[in-house]
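User: I've got a model open and want a quick walk through it. Can you take my questions as they come?
Analyst: Go ahead.

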Amino acid sequence: MTRPKPTIDYSLYLVTGRELLPQCKDYFESLEESLQGGVTLVQIREKNTETGEFLEIARRSKEICRKYNVPILINDRIDIALGMGADGVHIGQTDMPIAVARSLLPDNAVIGVTCNTVEHVKQAVKDGADYVGIGPAWTTQTKKLTSPVVGVRGLGDMLKALDGTNVKAVSIGGIKSTNALHCLHGAVSTTGHTLDGLAVVSDIVASPEPKVAAEKLATIVRAFKSNPPSRFSLPSGIYSPEYLKDRVGALISSIREHGPLIQQITNTVVTTQSANATLALGASPIMATAPQEMEDLSKAIGALLANFGTIADLDGMLLAGRHANINRKPIVFDPVGVGSSRYRRTSADTLLNTWQATVIKGNAGELASLANSQEVQSKGVDSVGTGFKDPVNFVRDLARKERSIVVLTGVQDYVSNGEIVVRLSNGHPYLGEITGSGCMVGTCVATFCAAGRLDEIGSESQLEDGKLVRGDMLVAAVGGVLALTVSSEYAAAREDVKGSGTFLPALIDELGKLSAQKIGETAKIEVFRGL
């Protein structure tokens, strides 16, 4: 008779490591405290311990886990798992094959396997694994990495390989309370497959207060699972052109009422006009780049713009984005010229794997590079060719992959939250004749995001008495694009504008004169829903 497998909650998966314990902290004491803090599954890992000692540690660990009804797994050692009656084992790519382990273990044993590639995941599913540990998400000090860091954004492709299966997935490698939410939010397939939990080592084991450390992580996982962020803020039917115009107009008033502080780490070519555009809209710019001030600034700003056109402030961007995430401030990422060099591409990957962008904005060449698409090439900061054959589905798919609002700029602009796509058809050719017009779009988007910022990271906007609660980043991104493109039309029509040289100051003037009425009368908006 086949015995049922234990029901396992993979939410907070502790992997032990006695070598990481703080001085004077007993291993068994630490284990029990971590269980009290909310650990839901324990894997005993002893890489350099004699068999007899390993068996005794595992037996005593099992006794403690049973007090809290938490299942226990053994890393690699089938003999230890059999000897102490574990609930299952976790094996690596170079360890015993799953089929052999299955033949030796009881029929109700749980078997998990480490997977570093999509092919590993597919093979684990084929071999009958119960769960996979996918990663490494980040570098880790607990073990020597034998496979490249996948990054948060690379986990989504692995999760997609689990579609249609009952195989569970946890992220492994460098998981801490400071990056746990980003990992949960960013690790999702384009089909919506998400993680079942996080595997943690040092953040709990190395803590002098493992109960507190575990509680912090458990709270993050529970909050995410109870209210996972959807790709859209409101039912797609609400987003009509009239609705968008109305909400953008309201954000213009909000910017001028509250004057939010907009931190901009931007390229040296456009610093002045970006600051002037921010001021014209009614916000306050701060062009701060020093890593040492990012923690303090993140508490005061309304939004962060990270534009790496001259890519001299990568360390500042890394810290600024991390602290902006912690303080629930919107981040607009503008990967200027990302396809131009390997350094820019790896830098963009590093940034997006370190923090969660709220909005990603770029031209066709830049976004194609982020999406690893060969459909559009770039030359410096410019796109080459006619653009995407199907921009609507391109921006929708990229928004789903990145879990961000995506803004594709060009003759026509496209904005998507992964569910709907908004096409904007305003603008004037003079925008293409001045330096930094694309960067100014990023500035405007960040300013509008500050006005419409989410009250709580991961929360969704809701209807309240028929009115939108502030926090819809899709509307904010649409508003930022329209601010510049609509203003450009009014600027170009002025009698004092004779060409690109007189256009730029007039554009700043018109940003200062932008109103809800002008948006309502001039904005050209189309909304696409569904696939």
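User: Start with pairing. In strand 4, which residue is the bridge partner of leucine 73?
Analyst: Glycine 88 is the bridge partner of leucine 73. Some ground rules first. This is a predicted model, where local features need pLDDT of at least 70, side-chain atom pairs count only at pLDDT 80 or more, and totals for chains, interfaces and linings use all residues. Residues are numbered from 1 along each chain as its sequence is written, and side-chain values use heavy atoms, with hydrogens and water left out.

User: How do strand 3 and strand 4 pair, and over how many bridges?
Analyst: Strand 3 and strand 4 pair in the parallel sense, over three bridges. Two strands count as paired if DSSP finds at least two bridges between them. Helices (H or I, at least four residues) and strands (E, at least two) are DSSP runs, numbered from the N terminus.

User: Which residues of strand 4 sit on each side?
Analyst: Strand 4 covers residues 88-91. Gly88 and His90 are on one side, Val89 and Ile91 on the other, and all are buried. Buried means under 20% relative accessible area, exposed over 50%, and partly exposed in between (1.4 Å probe, protein chains only). In a regular strand the side chains alternate between the two faces of the sheet.

User: What do the strands form as a set?
Analyst: A closed barrel of eight strands, in the order 1-2-3-4-5-6-7-8, with parallel pairing. From one strand to the next, the twist averages 25 degrees.

User: And what joins strand 1 to strand 2?
Analyst: Three bridges, between residues 12-15 of strand 1 and residues 41-44 of strand 2. The two run parallel. Valine 15 has glutamine 43 in strand 2 as its bridge partner.

User: Where does helix 2 lie?
Analyst: Helix 2 (residues 51-67) lies across strand 2 and strand 3 (72-75). Helix 2 runs at about 160 degrees to strand 3. Axes are lines fitted to C-alpha atoms, for helices over the stretch in contact, and angles run from 0 to 180 degrees between N-to-C directions.

User: Which strands does helix 6 touch?
Analyst: Helix 6 (residues 152-160) touches strand 5 (110-115), strand 6 (131-134) and strand 7 (168-171). The direction of helix 6 makes about 160 degrees with that of strand 6.

User: Switching to helix pairs. At what angle do helix 1 and helix 2 pack?
Analyst: About 25 degrees, with their axes 10 Å apart. That makes helix 1 roughly parallel to helix 2. Angles under 35 degrees count as roughly parallel, over 145 as roughly antiparallel, 65 to 115 as roughly perpendicular and the rest as oblique. Among the contact residues are Tyr27, Phe28 and Leu31 of helix 1 and Ile57, Arg60 and Ile64 of helix 2. Contact means heavy atoms within 4.5 Å.

User: How many residues of helix 1 are buried?
Analyst: Nine of its eleven residues. Those buried residues pack against strand 1, strand 2, helix 2, helix 8 (202-205) and helix 9 (210-226).

User: How are helix 17 and helix 18 oriented to each other?
Analyst: They are oblique. Helix 17 packs with helix 18 (residues 473-492) at about 140 degrees, and their axes are 7 Å apart.

User: Isoleucine 255, buried or exposed?
Analyst: Isoleucine 255 is buried, at a relative accessible area of 1%. This residue lies in helix 10 (residues 241-258). Beyond its neighbours within four places in sequence, isoleucine 255 contacts residues including Leu281, Thr447 and Phe448.

User: How many disulfides turn up?
Analyst: Zero, in a search of the whole structure. A disulfide is a pair of cysteine sulfur atoms within 2.5 Å.
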